[in-house]
Amino acid sequence: MDSFLIEGGVPLKGTIAVSGSKNAALPIIMAAIAVDDDVTFTNVPDLRDIKTTIKLLNILGREAALSGDTVLVRNGELGIEAPYDLVKTMRASVLCLGPLLARKGEAKVSLPGGCAIGARPVDQHLSALEKMGAKFELDHGYIHGVCPEGLKGAHIRFDFPTVGGTENILMAACLAQGETILENVAREPEIVDLANFLNACGARIEGQGTTVIRVQGVERLHGCSYAIMADRIEAGTFLVAAGVTGGELLLKNCPIDDMSAVVDKLRSAGMVIEETPEGVLARCGEQGLRGVDVNTRPHPGFPTDMQAQFMVLMCCAEGSSLMQENIFENRFMHVQELVRMGADIHVSGSSAMIRGGRKLTGAPVMSSDLRAGAALVLAGLAAEGETKVQRIYHVDRGYERLAEKLSAVGAKIRRVKEED
Ligand code: UD1
């Protein structure tokens, strides 16, 4: 299992290019299942989750491979089963359910089960597909779905704007008979990117980015070439890196228009963030960092995927801040590790009170999930002395060449291999 060794306290300075978005690429590559012809994707990040998605497509009978930042998916005979060994390593595998039912009338997908940041059920995915005519049974840990007469358009209202649920049903609705109206859908930019891809393949989707999406089903989707949007969470993580190290970073390909909630909070916390023709420039303001309160919300609110990283910024800021996590239960697992580095944080239910202004000190710490791992890397960059972040396979799921990108702007970070 690899770890990162970080010698902290170096202000980062230089330019970083933001990669393609993991959370857009996963559903979009999965959507190739719904397409009849070959599809080419560009700006795909080289990540463990992307490799897992490609493996899943391969298991489902689609030839697919990542080369540079390009994935070519070839048309071929489709299977119907997403096995447990794969789904357990990546919950997003459940996104093959909608397109498989639409194309094959049958799908067998292992039930994802719990994960480190909460229970994360898929009940809303299933009830929406049931409204479209699918029938499900649980068969030895697998969700077995059938719709022998094909999926039919339906009027669906989600209880909560679920990101994965919206994506799964969007893919299914493209090939369903008639019109599907989806209400209270997630408005995340990655959903807009998925809808834009599907429309580029001939789908008829309207309303992406708003709370109501209308889809007119079509007979078939044709191939196309599509560039994945940039990763707003990776970009946000680098903006925080500039802040906690007292450095200055220029981010190229930064999707700042999709990052208003994060950028607003960073500015309120005392960071200067400027749009320039070369990219987005970020540094600490002259007054230093100050505590601000944050509530995580569905988009366009503050993303839960930036909560852990922002908490590190708050540890380095003067004053107190209250962090309220509203999306996932159990998403404060980075807190105890940050406390081991000298942070003063108290958790009560879904809130964390951070008393900032203490110097973080390097320590051996362990990442428990992807964004928690990113937060510990940020803490290590800010801390005095050496930090060893263990279990970085979590970080590898979502950050492309993180150590290389940070080293290039002056960070003292290296990957070390270790025996279990
Ligand atoms: C996606 C993102 C993840 C991000 C999350 C919220 C991907 C691959 N992952 O995850 O990085 O943190 O959005 O922005 O894009 N829920 C139910 N029933 C359902 C579906 C969801 O109760 O059927 C609950 C979940 O348990 C969770 C909340 O709704 O508490 C949010 O889930 P959802 O929006 O679906 O997130 P994901 O698609 O899993």
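Mentor: The discussion below sets values against their definitions.

Mentor: This is a predicted model, in which local features need pLDDT of at least 70 and side-chain atom pairs count only at pLDDT 80 or more, while totals for chains, interfaces and linings use all residues. Residues are numbered from 1 along each chain as its sequence is written, and side-chain values use heavy atoms, with hydrogens and water left out.

Trainee: How do you know that the radius of gyration of the protein chain agrees with that of a compact globule?

Mentor: The radius is taken over C-alpha atoms, and the globule rule is 2.2 Å times the number of residues to the power 0.38. For 420 residues a compact globule would have a value near 22 Å, and the protein chain has 21 Å, so the two agree. The C-alpha atoms fill a box of roughly 65 × 45 × 40 Å along the principal axes.

Trainee: What makes a run of residues count among the helices or strands of the protein chain?

Mentor: Both are DSSP runs numbered from the N terminus: helices are H or I with at least four residues, and strands are E with at least two. On this basis the protein chain has 14 helices and 24 strands.

Trainee: Why is Gly 342 called partly exposed?

Mentor: Buried means under 20% relative accessible area and exposed means over 50%, with partly exposed in between (1.4 Å probe, protein chains only). Gly 342 has a relative accessible area of 23%, and is therefore partly exposed. Gly 342 sits in the loop between α11 (333–340) and β20 (344–348).

Trainee: Which residues does Gly 342 touch, not counting residues up to four places away in sequence?

Mentor: Contact means heavy atoms within 4.5 Å. Gly 342 touches Arg 358 and Leu 360 under that exclusion.

Trainee: What makes helix α10 mostly covered?

Mentor: Nine of the nine residues in α10 (residues 307–315) are buried. Among them are Phe 310, Met 311, Val 312 and Leu 313. In the protein chain as a whole, buried residues make up 56% of the 420 residues.

Trainee: How is the protein chain divided into domains?

Mentor: The bounds come from an automatic or database domain assignment. Domain 1 covers 2–19 + 230–417, and domain 2 covers 22–227. Their C-alpha centres lie 30 Å apart. The contact takes 25 residues from domain 1 and 20 residues from domain 2.
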